[in-house]
Amino acid sequence: MRTQIWNNGGGTQSAAIAALIVTGKLPKPDLAVIADTGRERSSTWDYLDAYIAPALASVGVTIHRVRKELYATVDLMGGKNGDTLLIPAFTTAGQDVGKLPGYCSGEWKREVIRRWATKEHGVKAVTNWIGYSIDEVGRAVKAKNAKKSQGKWQTLFPLIDLGMNRGDCVALVQKMGWPLPPRSSCWMCPNMRVGEWREVMEDDRDRPKVIQFDRDMRKLDRHAWLTDQAVPIDKADFDDANEVMFGRERGACHSGLCFV
Ligand code: SF4
């Protein structure tokens, strides 16, 4: 028997999966888990604590919050020589502003959950539930076929199997009487859209952390920036007119755990 592990990504699709479990339309997973990168937006935890965790507890499901620093082997820098920035930052190392690939989602979430499940629960064969909806079927196919998703660790997409799109997820969450969750991501994620940046920078709990992070990041890589404006984050212009300048599509969160 494979251990069924639901990887909660903290966003709307994950709230929909919670609703399906609470209402008995999905079976209860053996383990429900959310990776805590230590940099998750404060609003994500507010929502989880207020709505999702209590609703799951009412049907006997505990959501485990697994701290990255206990199980990750790297933080911001990795690669063979430890000189590769792992977040999908923008870079001015070339002639134009470019985008680095992101390894953080895999290192801080996927691998953290896998090590936790193996060490703490002795899992031997796992089916990971991930909250892609049918509008993200391309990402799901990619995730399913990835080498890292074969053998011991396989993936399941309950929302796709139920034919649900993001709109269906929104409707289901509202039907539960829950507000829609805030976008889930790290507070310094370069894949955020301009409106998400505004929310983060208006949150007094997260804004100082972002500004400090941005400064510290450039001590490690002087060409790295959090937005493609390539300016210190407190100087960036988060006007809607700049939306085309941003875009997470240029650096997808490849483990399937971010933004779902
Ligand atoms: S939200 Fe962004 S910064 Fe955080 S782990 Fe995912 S891709 Fe990386």
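**Figure 1. Methionine 192 in its loop.** Methionine 192 is placed in the loop that runs between α7 and α8 (194-202); helices (H or I, at least four residues) and strands (E, at least two) are DSSP runs, numbered from the N terminus. The model shown is predicted: local features need pLDDT of at least 70, side-chain atom pairs count only at pLDDT 80 or more, and totals for chains, interfaces and linings use all residues. Residues are numbered from 1 along each chain as its sequence is written. Methionine 192 counts as buried because it has 24 C-beta neighbours inside 10 Å. The term buried applies if 20 or more other C-beta atoms lie within 10 Å of a residue's own, exposed applies if 12 or fewer do, and partly exposed in between, with C-beta atoms placed from the backbone. Apart from residues up to four places away in sequence, methionine 192 touches Ser185 and Trp197; a contact requires the C-beta atoms of two residues, placed from the backbone, to lie within 7 Å. Alanine 16 is 176 residues from methionine 192 along the chain, and their C-alpha atoms are separated by 21 Å.

**Figure 2. The surroundings of the ligand.** The ligand is surrounded by 14 residues, and the closest are Cys104, Ser185, Cys186, Cys189 and Cys258. A residue is near a molecule or strand if its C-beta atom, placed from the backbone, lies within 6 Å of it. The shell comprises eight nonpolar, five polar and one charged residues. In this classification Ala, Val, Leu, Ile, Met, Phe, Trp, Tyr, Cys and Pro count as nonpolar, Asp, Glu, Lys and Arg as charged, and the others, Gly among them, as polar.

**Figure 3. Helix α1 and its cover.** Nine of the 11 residues of helix α1 (residues 12-22) are buried, so this helix is largely enclosed by the rest of the structure. The buried residues include Thr12, Gln13, Ala16 and Ile21. Among the elements that cover them are β1 (3-7), α2 (42-57), β8 (126-129), α6 (158-161) and α7 (166-175). Just after α1, glycine 24 adopts a positive phi of about 80°.

**Figure 4. Leucine 159 and the largest nonpolar core.** The largest nonpolar core contains 66 residues, and those with the most contacts inside it are Ala16, Ile17, Ala18, Ile52, Leu56, Ala89 and Leu159. Such a core is a set of buried Ala, Val, Leu, Ile, Met, Phe, Trp, Tyr and Cys residues joined through C-beta atoms within 7 Å. Neighbours within four places in sequence aside, the contacts of leucine 159 include Gln13, Ala16, Ile17, Met164 and Cys169.

**Figure 5. Alanine 230 and its backbone angle.** Alanine 230 lies in the segment that follows β10. Its phi is near 55°, a positive value in a residue other than glycine. Most residues other than glycine have a negative phi. Alanine 230 is partly exposed, with 14 other C-beta atoms within 10 Å.

**Figure 6. Glutamine 212 on helix α9.** Glutamine 212 belongs to helix α9 (residues 207-220). With 12 other C-beta atoms within 10 Å, glutamine 212 is exposed. Glutamine 212 and alanine 146 are 66 residues apart in sequence, and their C-alpha atoms are 35 Å apart in space.

**Figure 7. Confidence in two elements of the protein chain.** Confidence is lowest in helix α5 (residues 137-145), at a mean of 85, and highest in strand β10 (residues 224-225), at 98. The scale is pLDDT, the predictor's confidence in each residue, from 0 to 100. For the protein chain the mean pLDDT is 92, and 95% of its residues reach 70 or more.
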